[in-house]
Amino acid sequence: MHPSLWQLRHALPAFPSLSSDIHVDVAVIGGGLCGLLIAHRLQQNGLRVCVLERGRIAQATTGHTTAKITSQHGLLYADLIDAFGPAHAKQYAQAQQHAIEQYAHLIASEQIACSFERKSAYLYATHHPAPLLREWKAIQTLGLPAHWEQKLPLPLSVEGAICFDSQAQFDPLAFLQGLADHLPIYEQTCANRIEPHHVYTSHGTVHCQSIVVATHFPFRNTPGYYFMRMHQQCSYVLALSHIPHVDGMYIDIDPEGFSWRMQDELLLFGGAGHRTGDHDPAGGMFDRLRIAAKQLMPKAQEEACWSAQDCMTLDRLPYIGPYAEHLQDVYVATGFGKWGMTNAMVAANIIDGYIQDHPLPYSDLFSPQRSSLSHGLGQLWGNGCHAVRGLAAQALTGGQAELDALPPGHGGIVHLNGQKAGVYKDEQGRIYPVSTKCPHMGCQLVWNPDEKTWDCPCHGSRFDPYGHVLDTPAVKSLPSLLFPDV
């Protein structure tokens, strides 16, 4: 995968692996923004914590975010009012707004140098403004700090925009480095199995009172069944120089539109999203952004490019709270959509409330066991159909090409000595055959030519060209295949 702007700018310190059994109050699994915020909050409240990270901290979703700290979450609030009622929609809005102020306080009190800036966040329409007007009507009833704008300082014309005042942005890896310095973190320590009060790793067992699974996508399938209740989406970002300064954060309501925000002298220009595994086999997602950027900003020059992956729930609200009814003292935080900055802080508030035995008033709204999940039955059906297709492809289809037809620097599912294999051919022509079967639940993987990864179209697991796992829910790498005659 391409490194993000943040990863190019920062080399986070390395932390040791777990080397023996330990005893703590709370084991937090996952070393991204959410896991570290939860661990920090619990530690501040006097609990002994540890963070277990399969690889290096902040290298997956957190390392690839555009880092907008905002309560402006796209066309969401009108739908929340329809699905949950005005009172619950207002709770969601207030929780997000409170999260922004908590970041400001935490960064100031800990003196974390992370380029934290207050910025306005804009939701705009370039055509067909009716959905935006519906959202504006909903927002006016919720007490959010927002107003209407007719024009924007962007190189395109708009039909109108909703402006959220006094939102924020920052450098996420600089922020996490400030948090990580004070936490007991164990890297290269994969949680292979969890049971109440025990986390089992290859390096030792963590004995604890509570467990928090903050691994982006939960890796334990049952109970909980999160693999049925979420799917993952990819989106793409360019960091551009030699562009007009764009003050603020902007996102188009059109799924084919773009997001914008400055980081220092660079513009982070995003879009071209799709469900993980549903990309064009020929690639070109970054090129779509490059073409649009040149049309809108002819002098722009690319400094970096990368992709992000987000978990999408059935009803667009995160799952934060008890992992499952029959899994005692295990909690989960997942499904943040594309709004992980504020929802990670909300998760820290909610999980802390549960563990400290003072649940927050809005905890039920985010509960993974909430009854409102019936609102997402259509999405549940769609997730199931994707899984069936992925499983059928693995069981019934053969290789799609011959090895000789695979260009250097590319991968694909090929016929290799009469067998189906996923093969990456490097620039020198060396081949790396791996199983095409996702170790999570057995769906057939697809090659992502833009990021040079193996992606699971069922649940979003991702692997590098050589089969090493990059993103959950899979926790095991792909088996290498041996073909002596090749």
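1. Basis of the note. The model is predicted, so that local features need pLDDT of at least 70 and side-chain atom pairs count only at pLDDT 80 or more, whereas totals for chains, interfaces and linings use all residues. Residues are numbered from 1 along each chain as its sequence is written, and side-chain values use heavy atoms, with hydrogens and water left out.

2. Overall build. The protein has 11 helices and 27 strands, where helices (H or I, at least four residues) and strands (E, at least two) are DSSP runs numbered from the N terminus. Its radius of gyration is 22 Å, close to the 23 Å that the globule rule gives for 486 residues, so the protein is as compact as a globular protein of that length; the radius is taken over C-alpha atoms, and the rule is 2.2 Å times the number of residues to the power 0.38. Along the principal axes, the C-alpha atoms fill a box of roughly 70 × 55 × 45 Å.

3. Among contacts with a separation of 6 or more, 71% join residues 24 or more positions apart, a contact being heavy atoms within 4.5 Å. The accessible surface comes to about 19,300 Å², of which 53% belongs to carbon and sulfur atoms, with areas from the Shrake-Rupley method and a 1.4 Å probe; for residues, only the protein chains shown count as cover.

4. Strand β13 and its partners. Strand β13 (residues 230-241) is mostly covered, with 11 of its 12 residues buried. It pairs in the antiparallel sense with strand β17 (residues 301-313) over 12 bridges, pairing being called where DSSP finds at least two bridges between two strands, and the bridge partner of S235 in β17 is A308. With strand β16 (residues 266-275), β13 pairs in the antiparallel sense over seven bridges, and here L238 stands opposite F269 in β16.

5. A closer look at C234. This residue is found in strand β13, and at 0% relative accessibility C234 counts as buried. Leaving aside residues up to four places away in sequence, C234 touches A272, G273, H274, T276, A308, Q309 and R462. C234 and F258, which are 24 residues apart in sequence, are 14 Å apart in space, C-alpha to C-alpha.

6. A mixed sheet. Four strands form an open sheet in the order β1-β11-β10-β9, and the pairing is mixed. The edge strands, each pairing on one side only, are β1 (22-23) and β9 (191-195). Strand β9 pairs with strand β10 (residues 198-201) in the antiparallel sense over four bridges, and the bridge partner of R193 in β10 is Y200.

7. An antiparallel sheet. Another open sheet of four strands has the order β24-β25-β26-β27, with antiparallel pairing; its edge strands are β24 (446-448) and β27 (469-471), each of which pairs on one side only. Strand β25 (residues 453-455) and strand β26 (residues 462-463) pair in the antiparallel sense over two bridges, and in β26 the bridge partner of W454 is F463.

Methods. Buried < 20%, exposed > 50% of the residue type's maximum accessible area, 1.4 Å probe, protein only.
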